[in-house]
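Reader: I would like to go through this model with you and ask where each label comes from. Could you set the values beside the definitions as we go?

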Amino acid sequence: MKKLVWSLMAVILIVSLQVKPAEAAYLPEYDKYVEVTYDQARQIADLLGMKNIPLGEQTAKRTFDVQEKVIAKIEKIIGKEIDHYYIWLTVDGKPVLGIDPPIILA
């Protein structure tokens, strides 16, 4: 009986060490959409270093892709995944910029 208990405990320990906890990720359900004028979006894009780049759905996708790559690199460095979402700036209801707001990790 002792061997069975020890064997069962060993299996539980091994399995618990191999099972990864749920991983953090992009959480689109928390995305926020903010309607702005084209001029406001242009000023914000310029602040982000996107001067003279035409704004539209392609810039929304580009800003999203760039930030996702940066987040992946940060996660690799720190060895943890970070939950995140985006603020989508829209003009006439169409996304033109995706901004991953900074969230302080405790």
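**Labels and their cut-offs**

Author: Gladly, and let us begin with D65, which counts as partly exposed because its relative accessibility is 27%. Buried means under 20% relative accessible area, exposed means over 50%, and partly exposed lies in between (1.4 Å probe, protein chains only). Before we go on: this is a predicted model, where local features need pLDDT of at least 70 and side-chain atom pairs count only at pLDDT 80 or more, while totals for chains, interfaces and linings use all residues. Residues are numbered from 1 along each chain as its sequence is written, and side-chain values use heavy atoms, with hydrogens and water left out.

Reader: What makes K61 and D65 a salt bridge?

Author: The term asks for a side-chain nitrogen of Lys or Arg within 4 Å of a carboxyl oxygen of Asp or Glu. In K61 and D65 the closest N and O atoms are 2.8 Å apart, so the pair qualifies. The two are four residues apart in helix α3, and therefore about one helical turn separates them. K61 is partly exposed, because its relative accessibility is 46%.

Reader: How many salt bridges does the structure hold?

Author: There are two. D46 and R42 also meet through their side chains, at 3.1 Å from N to O. They too are about one helical turn apart, because four residues separate them in helix α2 (residues 38–47).

Reader: Is R42 called buried or exposed?

Author: R42 is buried, because its relative accessible area is 16%. D46 has 28%, so D46 is partly exposed.

Reader: What is meant by helix and strand here, and how many of each are there?

Author: Helices (H or I, at least four residues) and strands (E, at least two) are DSSP runs, numbered from the N terminus. The protein chain has three helices and three strands, in the order α-β-α-α-β-β from the N terminus on.

Reader: What makes β1 and β2 a pair?

Author: Two strands pair if DSSP finds at least two bridges between them. Strand β1 (residues 32–35) and β2 run parallel and are joined by four bridges, so they pair. E35 has T90 in β2 as its bridge partner.

Reader: Why is H84 called buried?

Author: Because its relative accessible area is 5%. H84 sits in the loop between α3 and β2 (87–91). Leaving aside neighbours within four places in sequence, its contacts (heavy atoms within 4.5 Å) include Y26, E68 and D100.

Reader: What makes V66, V70, I74, I77 and I78 a nonpolar surface patch?

Author: Patches are made of residues with over 30% relative accessible area and no salt bridge; nonpolar side chains (Val, Leu, Ile, Met, Phe, Trp, Tyr) are joined within 5 Å, and like charges within 9 Å. The patch covers about 460 Å², with accessible areas coming from the Shrake-Rupley method with a 1.4 Å probe; for residues, only the protein chains shown count as cover.
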